Amino acid sequence: MTSTHRRILVGVAGGIAAYKACHLIRDFKEHGDDVRVVPTEAALNFVGAATFEALSGNPVSTTVFDAVDEVQHVALGQQADAVVIAPATADLIARLACGRADDLLTASVLVATCPIVLAPAMHTEMWLNPATQDNVATLRRRGITVMEPAHGRLTGKDTGAGRLPEPSQIAEFARTVIDGHTVPFDWKGRKVVVSAGGTQENLDPVRFLGNRSSGRQGFALAEIAAQRGADVTIVAGDTEDLPVPSGAEVVRVTSTRDMEAAMNEHSADADIVIMAAAVADYRPAHVADSKMKKGAADENLARLELVENPDILKGLVSRRASGEINEDAVIVGFAAETGDATTSVLEYAQQKFERKGCDVLMANEVGEGKVFGQSTSAGWILRRDTEPVVVEHGSKQAVAAQILDAVNEILPM
């Protein structure tokens with residue numbers, strides 16, 4: 001885990017989701033950040049000041065009349081490297097949109113010139129109310145990043161948009177923004193389909209052929225696309241227990257042929273199609289009806305016959321050419337490669353780019369401890385008639401932001 005040593009001001013508004021801020025504070029602290037918590041008075045009805053002080057290691061204030069001799073209501077915002085507010089209630093969003101400075105948190109935001117990220121949490125009707133939507137649009141226009149809320153269980157029996165994203169999602173997204181990867185809300189009305197994770201090909205009822213893909217890169221792409229305002233569908237193979245991006249639909253599949261069918265179905269009217277999944281290239285020609293026993297299994301495995309799976313990415317390109325997919329859709333592929341004595345990773349990726357016919361290709365060098373199962377990535381972004389763009393080592397969300405920026409440059413208006 002990389003230590004960052006940044007000064008992060010964590011704002012907490014008065015909603016039931018305030019307890020999740022405790023996990024967010026701990027996440028930042030574990031990354032080596034100096035965290036100062038500034039709750040509203042209402043937030044202290046849900047989580048006490050002592051808890052925030054113990055987790056952050058810093059004193060907690062709510063009013064501009066504390067530490068007046070230090071001009072605290074100005075200093076906190078001036079000195080912060082980032083402001084992250086979670087939860088951001090409808091009331092707080094309204095006060096920020098009006099430029100209010102009637103408590104320490106709003107005063108600090110008004111002073112801050114660093115990146116500011118808000119994670120809203122409220123009931124669905126509040127979130128969808130035109131007043132809230134206008135206030136959010138105002139803040140975004142001023143350069144504040146407002147996350148799209150998650151969909152799910154709210155207070156009481158209600159379910160819908162307005163749930164606070166998981167603390168790990170907020171922290172990772174905030175780090176992406178803090179590191180300079182802007183995530184504009186410019187894909188409203190766009191449809192994005194992303195495949196993620198590895199596929200499994202059954203040998204018998206208990207064994208399968210698979211790979212080490214965790215699905216993190218595909219989910220990171222879905223997260224950034226959702227935060228840009230897109231309607232996102234994830235076709236997920238074997239993935240870790242990853243939090244679902246805000247508002248995204250997840251379609252679970254097992255085999256490569258399952259994934260092919262789901263991608264073909266959901267990509268028909270998509271604006272952007274991303275094949276980030278690490279699918280199995282081959283499958284057993286015959287699947288045993290019962291578990292292969294030792295001894296007999298050894299003989300079966302010694303003569304295991306494999307057949308080639310369909311090339312989903314190449315098939316999507318062909319379907320676009322035949323009109324089965326939106327002809328203006330941007331198709332993105334991935335190349336997980338290892339070099340050898342004669343050919344480099346980048347050269348293999350460039351050859352794959354030519355064969356597949358997609359518009360953008362992200363090339364990674366994979367291997368033991370590289371990319372698969374890791375929280376970071378690096379590589380090259382390939383596009384037509386341009387030089388490869390080097391993607392420096394960074395989080396998978398940071399890499400996703402760069403890939404989607406490259407897509408946006410060629411996305412039809």
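This report describes the pockets, sheet, core and selected residues of one predicted model.

Residues are numbered from 1 along each chain as its sequence is written, and side-chain values use heavy atoms, with hydrogens and water left out. Because the model is predicted, local features need pLDDT of at least 70 and side-chain atom pairs count only at pLDDT 80 or more, while totals for chains, interfaces and linings use all residues.

## Pockets

Rolling a probe the size of a water molecule over the atoms shows where empty space is left. Here a pocket is an open set of points on a 1 Å grid over the protein atoms alone, where a 1.4 Å probe fits and protein lies on both sides within 12 Å along at least five of seven lines; lining residues have an atom within 4 Å of a point. Grid points are joined across faces, edges and corners, and a volume is the space filled by probe spheres set on the points. Helices (H or I, at least four residues) and strands (E, at least two) are DSSP runs, numbered from the N terminus.

The largest pocket holds about 970 Å³ of space. Its lining has 30 residues, and Glu172, Arg175, Ser375, Ser395 and Lys396 are the closest to the centre. Two or more lining residues come from each of helix H1 (20–30), helix H8 (167–178), helix H9 (216–227), strand E19 (389–395) and helix H14 (396–410).

The second largest pocket holds about 780 Å³. Of its 37 lining residues, Ala277, Val279, Asp281, Phe334 and Lys352 lie nearest the centre. At least two residues of this lining are supplied by each of strand E8 (191–196), H9, helix H12 (312–321), strand E16 (330–337) and helix H13 (345–356). Strand E16 gives the most, with 5 residues.

The table sets out both linings by class.

## Strands and a helix beside them

Two strands pair if DSSP finds at least two bridges between them. An open sheet of 5 strands has the order E2-E1-E3-E4-E5, with parallel pairing. Strand E2 (34–39) and strand E5 (145–146) stand at the edges with a single partner strand each, so one side of each is left without a neighbour in the sheet. Strand E1 (residues 7–12) is joined to E2 by 6 bridges, and Val12 has Pro39 in E2 as its bridge partner.

Helix H3 (residues 72–79) has the buried residues Gln72, Ala75, Leu76 and Gly77. Buried means under 20% relative accessible area, exposed over 50%, and partly exposed in between (1.4 Å probe, protein chains only). The buried residues of H3 pack against E1, E2 and helix H5 (104–111).

Strand E6 (residues 150–153) and strand E7 (residues 159–163) run antiparallel and are joined by 4 bridges. His151 stands opposite Ala161 in E7. These strands form a hairpin with 5 residues between them, and Gly156 in the turn has a positive phi of about 75°.

## Core and buried residues

A nonpolar core is a set of buried Ala, Val, Leu, Ile, Met, Phe, Trp, Tyr and Cys residues joined through side-chain atoms within 4.5 Å. The largest has 65 residues, and Phe28, Phe52, Trp187, Val192, Leu221, Val232 and Ile274 touch the most other members. Helix H9 contributes the largest share of this core, 7 residues. Contact means heavy atoms within 4.5 Å. Beyond its neighbours within four places in sequence, Leu221 is in contact with residues including Val194, Ile274 and Phe334.

Arg228 is found in the loop between H9 and strand E11 (231–236). Arg228 counts as buried because its relative accessibility is 2%. Leaving out residues up to four places away in sequence, Arg228 touches several residues, among them Asp186, Trp187 and Asp405.

Leu411 lies in the segment after H14 and, at 9% relative accessibility, counts as buried. Leu411 and Asp328 are 83 residues apart in sequence and 8.0 Å apart in space, C-alpha to C-alpha.

## Backbone details

The peptide bond from Ala86 to Pro87 is cis, with omega near -5°, and Pro87 is in strand E3 (residues 82–88). Asp385 has a positive phi of about 60° although it is not a glycine. At 85% relative accessibility, Asp385 counts as exposed.
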